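Here is a short report for a first look. It covers a ligand site and a pair of helices.

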Amino acid sequence: MDKLVIEGGKRLCGSVRVQSAKNSVLPLLAASVLTEKKVTIREVPAISDVACMAEILRGLGARVTFTEGDAVIESEGATSHVIPSRLTRELRSSVFMLGSLLARFHRAACAYPGGCDIGLRPIDLHLNALKRLGVHIVEREGYIFCECQHMQGAEIVLDFPSVGATENVMLAAVKAEGRTVLGGAAKEPEIVDLQNFLNAMGAKVRGAGTDVIEIEGVERLSGAEYLPMKDRIEAGSYLIACAVCGGEAEVLGVKGETLALLLHKLRENGCKIHTKNDKIRIASTGKLRCNRRIETMPFPGFPTDLQAQMTALNAGAEGGALVVENLFETRFKYVPELQKMGADIEVRGRTAFVRGVGRLHEASLVCGDLRGGAALVLAALGAEGTSEVTELIHVDRGYADLEGKLRALGARIKRVRM
Ligand code: EPZ
């Protein structure tokens with residue numbers, strides 16, 4: 001078991017290159033079983049969610065090798081269509097494997113993913129959309145069994161722009177007969193990345209990034225080599241770290257427009273932000289004003305995956321802020337940990353009432369989920385004194401070499417074996 005030991009109060013300066021996007025690489029790995037040909041996904045991040053998805057693919061019979069940071073998937077030997085329950089529980093987002101397994105094998109089965117620390121996370125939108133494509137679904141003893149001998153394109157409308165459900169439909173429909181039109185689709189940049197990858201394999205998908213995606217079914221897909229987009233949530237996390245600590249930094253690899261709302265909020269806090277191509281520069285005095293209101297929404301709204309990090313920033317700023325979490329029911333579980341650091345936050349349902357205390361102080365902190373854990377690290381970086389952060393398994397799911405990248409920016413942070 002490891003812990004991070006963080007000496008707060010160091011300004012951050014320099015540049016950091018972000019990893020390929022976790023939330024793009026995962027659906028791309030799922031898409032790789034749509035073809036029996038070799039697929040290479042370049043520069044995949046060394047994070048445990050990617051390792052878990054690779055284990056799922058191997059469990060299906062595919063060969064997955066990592067060479068110099070690239071993932072090479074050869075799935076001509078894949079014969080199984082069942083995702084083991086242990087892995088579905090470990091990686092909830094593996095549910096979008098249903099779409100690619102149905103397209104490949106006309107059958108798919110996985111354990112019901114169930115809730116997690118940030119919310120119930122139902123999959124009704126996924127299953128209703130698959131049924132529109134002709135998929136027969138039986139839910140029995142905690143498992144979901146899907147079967148469809150002949151996938152037929154259809155008109156589908158999502159009641160809510162679910163990222164995973166949008167991806168599941170794209171994966172299931174690329175080899176369906178005829179045309180599928182998906183309305184109410186999620187517009188996240190990761191959806192556009194999946195479209196580009198599928199089209200590189202010979203699929204006919206268009207409209208990603210808007211709320212209507214059209215998929216023309218094709219007979220078969222070829223292999224592909226693909227460099228995923230960079231991780232805008234990782235980038236945002238480092239921008240917030242610099243805002244909290246004070247200093248001047250640049251984050252390389254992410255376009256400003258994929259983080260427009262965050263940049264707008266950081267300017268409200270008093271940071272200077274400059275964007276050019278895929279470079280974002282930030283300058284901060286470290287003495288920040290609270291945002292009056294932050295409300296998470298589907299893209300292009302404020303990203304829920306940066307909510308915890310911005311709440312931590314506001315907790316140590318001056319003034320007051322309302323943080324409203326509209327996407328997940330229980331995404332404030334990290335707040336008691338911030339309160340150990342002197343944060344003055346009251347959570348009522350989906351709203352956190354934050355009264356900025358100017359600066360937090362050290363504490364022993366325990367991560368409970370991926371982005372809440374990142375928020376604790378950022379809070380410790382800006383706090384007085386030396387904090388410890390444990391249960392790093394959560395942050396290691398989504399941040400490759402977190403302490404190395406922060407140390408390169410001047411943070412006093414080290415990972416210690418307990
Ligand atoms: C993706 O999760 C991301 N994960 C999440 O990032 C991200 O927070 C989320 O999108 C929203 O942007 C990956 O891409 C691997 P949703 P997903 O389906 O697809 C409800 C991180 O920290 N819903 O858009 O699971 C759901 O309960 C992770 O990197 C239904 O009601 O998110 C939630 O309230 C966390 N029924 C809302 O929609 C469904 O069938 C958004 O969920 C599906 C979803």
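In the side chain of Ser162, an N or O atom is 2.7 Å from an oxygen atom of the ligand. Leu125 has a backbone N or O atom 2.7 Å from a ligand oxygen atom. The side chain of Asp124 places an N or O atom 2.7 Å from a nitrogen atom of the ligand.

## Basis of the model

This is a predicted model: local features need pLDDT of at least 70, side-chain atom pairs count only at pLDDT 80 or more, and totals for chains, interfaces and linings use all residues. Residues are numbered from 1 along each chain as its sequence is written, and side-chain values use heavy atoms, without hydrogens and water.

## The shell around the ligand

There are 21 residues around the ligand (a heavy atom within 4 Å of it). Asp124, Leu125, Ser162, Asp305 and Leu327 come nearest. Helix 5 gives the most to the shell, three residues (helices are DSSP runs of H or I, at least four residues, numbered from the N terminus).

## Two packed helices

Helix 4 (residues 97-105) and helix 6 (residues 163-173) pack at about 10°, with axes 7 Å apart. Axes are lines fitted to C-alpha atoms over the stretch in contact, and angles run from 0 to 180 degrees between N-to-C directions. Helix 4 is therefore roughly parallel to helix 6 (angles under 35 degrees).

Technical notes: Angles under 35 degrees count as roughly parallel, over 145 as roughly antiparallel, 65 to 115 as roughly perpendicular and the rest as oblique. A polar contact is a pair of N or O atoms within 3.5 Å; within protein, one must be able to donate a hydrogen and the other to accept it, and residues adjacent in sequence count only if both atoms are side-chain atoms.
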